[in-house]
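Trainee: I would like to learn how to read a structure. Please take me through a few features.

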Amino acid sequence: MQPENKTSAAAIPTTPPTAFGSIGLQTALAVSLILLLVLSLWIGWVPIAPDELGPIVRAWVGNDTGQTIAGKALVLGLVRIPRSLATVLVGMGLSAAGVVYQGLFRNPLVSPDILGVSAGATFGAALGLLMAGSSWLTIQALAFGCGLVAVGSALLIARIVAVRPMLVLVLAGLVVMSVFNAAITLLKYLSDPYNELPAIVFWIMGSMSRVQWGDLKLAAPVIGGSLVLIHVMRYKLNVLSLGDLQASSLGLNPRRDRLIFIFLSSITVSVSVAVCGQVLWVGLVMPHIARTLVGPNHEQMLPVAVLSGGIFLLLADTAARCLTMAELPISVVTAFTGAPLFAYLLYRNRGSGWS
């Protein structure tokens, strides 16, 4: 047993040295995220100067500061602050989900929608958009519920087959994703081409423009709580990436821990889609960036990926609402930037493997 333990311990990935060190890099990313968050509040088609913050605060408390300041106070308080906070939260959540899925499945091409949760949530939202008299809360509830139904169906199929569970789980996710994508196509075909169809298409492309304080209050506890739990348990991803036999020999319950990780990641993705629609590339690219910077040890990689995801999506959303007169779908920006970045990472890390 002693040689096996030595082999297992040596197989756990270690972090290579970096220019700043892992802690220094995380600190730099956190400071950059805070600065970008503040900057995003001032940038937009309604410019807000930093020296206007005092009059804006007075407008919030009810003091008369003029029509211009009152309008800017509404823009800042009701639009930009909840939008920027939700953007950071979604970027962090999708990045964490990407790290978890790539670690569990030991596959660098796995993204957060691998088990069909994004397709299921999008179907739920499309169904809500077609329902007469449905409220915004109903649409979000259907998106969240159908996302969980999708991942539950994938897990059920994998359990029924019960042969090579990780491979079957990926294949089951592809099956579920295909079924829900077909259902989305059917809903688009049956929808009103002048009113309902554009709403469904716009949802699928993703946008943070609909986010309000109510959405943030619903999403923050779920995504924030999942991020905390994943962060606390992140060392287990190192062990689970070695395989079930090694994980069991090191004292883990692979099946239980894997289900916990899948559940936390799936509800994070489902809530994210319910808030802003589908956002592509974040959960695929950010883990690769973190792995390039600090190595495959999840104890260092996860915080870097989470912070990088918040920065990346915040920059993408700021560009989406400022580059053109009409706001761009955020997935267009993330695809145009994420795909070339992913190609560069593949070239840079050629021949080195993903772990």
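Predicted model: local features only at pLDDT ≥ 70, side-chain atom pairs only at ≥ 80, totals over all residues.

Trainee: Which residues touch the most other members of the largest nonpolar core?

Mentor: In soluble globular proteins, nonpolar side chains tend to be buried together. Here the largest nonpolar core has 90 residues, and those touching the most other members are Tyr 101, Leu 104, Phe 105, Leu 115 and Phe 261. Helix H4 (residues 67-105) gives the largest share of this core, 13 residues. Another core, of eight residues, lies apart from it; Leu 41, Trp 42, Ile 56 and Ile 81 are among them.

Trainee: What does Phe 261 touch?

Mentor: Leaving out residues up to four places away in sequence, Phe 261 touches Val 100, Leu 104, Ile 230, Met 233, Lys 236, Leu 237 and Leu 240.

Trainee: How many residues of helix H12 are buried?

Mentor: Helix H12 covers residues 254-276, and 18 of its 23 residues are buried, so H12 is mostly covered. From first C-alpha to last, H12 reaches 33 Å, close to the 33 Å expected at 1.5 Å a residue.

Trainee: Where does the largest share of the nonpolar patch come from?

Mentor: From H6, with four residues. The patch is on the surface and consists of Leu 156, Ile 157, Ile 160, Val 161, Val 163, Val 175 and Val 179, together about 630 Å² of accessible area. Helix H6 (136-161) and helix H7 (165-190) each supply at least two of its residues.

Trainee: Why is Val 179 called exposed?

Mentor: Because its relative accessible area is 52%, and exposed means over 50%. Val 179 is in helix H7.

Definitions and conventions:
Residues numbered from 1 in each chain as written. Heavy atoms only, no water. Patch = residues over 30% accessible without salt bridge, like charges linked within 9 Å, V, L, I, M, F, W, Y side chains within 5 Å. Areas by Shrake-Rupley, 256 points an atom, 1.4 Å probe, with all protein chains shown as cover. Salt bridge = Lys/Arg side-chain N within 4 Å of Asp/Glu carboxyl O. Buried < 20%, exposed > 50% of the residue type's maximum accessible area, 1.4 Å probe, protein only. Expected span 1.5 Å × (residues − 1). Core = buried A, V, L, I, M, F, W, Y, C linked by side-chain atoms within 4.5 Å. Contact = heavy atoms within 4.5 Å.
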